[in-house]
Amino acid sequence: MKKVLFSVLISAIIPLSPLLTNAQAGIFKVRLMVDKALTSSVMITTANQSVNAYSNFRFPSNLQDSIKAAIQKTVKTQLFKDATFIYDLKADGSRRATLETGTYAGGFPKMNKKRAFFGYEEEVYVKIKLKVQGYKGPSLGAVGVQYSNIHPTVKFKMKAFDLDKKKIYSRKIRLWDFDKITSISYTSQLGSITNTNALNAEQIYQMIKHTLLVFNEQEERNR
């Protein structure tokens, strides 16, 4: 009987491993940018170099949820803590979230670190940056008509802070291994019109999903 009681006491004293605890990581800021160069099928550049990009790009609600789930999974994989999104609240009690602009994704928390620490009690506070960008390659063609490729890339950066606001985690990755998209520009004295084989929301999501998968796999190999 004494041995049983002793074992129970020891079990109560020894801390659980990170994988077995219910510790929380609060994701207080997510900045997700998608370059209009990838999502605009038509771009007009005037003679004074002002650019008008025509795009109705946005993530539908199901893909927003999928991206949020992928981010939560990544935070849990990296920090061994269940992750939740925490939002600053407006005066009416509603969540203060990022706005959908066609370049920046909406629906994500956008608190600063001070507000996060003041408003929530978490063990770890997490900030995320995601950039989906397009880089134009060299142009080929005759005068007035130019053909080029746009190289998509995804950059993911994650930082975490402890209760003392000390940075305890910082890591980033950038991937270039995505299919190029084609672009054709027609130029005149008034400016240029560029037609691009633009990407849709599902294709952008798959790029983000792949990047987070590689991010986690690399970390697993380094452990």
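I am working from a predicted model, where local features need pLDDT of at least 70, side-chain atom pairs count only at pLDDT 80 or more, and totals for chains, interfaces and linings use all residues. Residues are numbered from 1 along each chain as its sequence is written, and side-chain values use heavy atoms, with hydrogens and water left out.

Entry: I looked up Lys-129 and found it partly exposed, because its relative accessibility is 42%. Lys-129 lies in strand 7; strands here are DSSP runs of E with at least two residues, helices are runs of H or I with at least four, and both are numbered from the N terminus. Lys-129 belongs to a surface patch of positive charge together with Lys-29, Arg-31, Lys-131, Lys-172 and Arg-174. A patch takes residues with over 30% relative accessible area and no salt bridge, like charges being joined within 9 Å. At least two residues of the positive patch come from each of strand 1 (24-34), strand 7 (124-136) and strand 9 (167-175).

Entry: salt bridges. I counted a side-chain nitrogen of Lys or Arg within 4 Å of a carboxyl oxygen of Asp or Glu. The search of the whole structure gave four. In one of them, Lys-76 pairs with Asp-82, with the closest N and O atoms 3.0 Å apart. Lys-76 is partly exposed at 45%, and Asp-82 is partly exposed at 26%.

Asp-88 is buried, at 14% relative accessible area. Arg-115 bridges to Asp-88 with the closest N and O atoms 2.7 Å apart. Arg-115 is in helix 4 (residues 113-119) and Asp-88 in strand 5 (residues 88-89), so this pair ties together parts 27 residues apart in sequence. Arg-96 also bridges to Asp-88, at 3.8 Å between the closest N and O atoms. I noted that shared partners join Asp-88, Arg-96 and Arg-115 into one network.

Entry: nonpolar core. I used sets of buried Ala, Val, Leu, Ile, Met, Phe, Trp, Tyr and Cys residues joined through side-chain atoms within 4.5 Å. The largest such core has 44 residues, and Phe-59, Ile-71, Val-75 and Val-126 have the most contacts inside it. Elements giving two or more residues to this core include helix 3 (61-79), strand 4 (82-85) and strand 8 (145-161). Helix 5 gives the most, with eight residues.

Key. Patch = residues over 30% accessible without salt bridge, like charges linked within 9 Å, V, L, I, M, F, W, Y side chains within 5 Å. Areas by Shrake-Rupley, 256 points an atom, 1.4 Å probe, with all protein chains shown as cover. Lys, Arg positive; Asp, Glu negative; His and termini not counted. Charge placed at Lys NZ, Arg CZ, Asp CG, Glu CD. Buried < 20%, exposed > 50% of the residue type's maximum accessible area, 1.4 Å probe, protein only.
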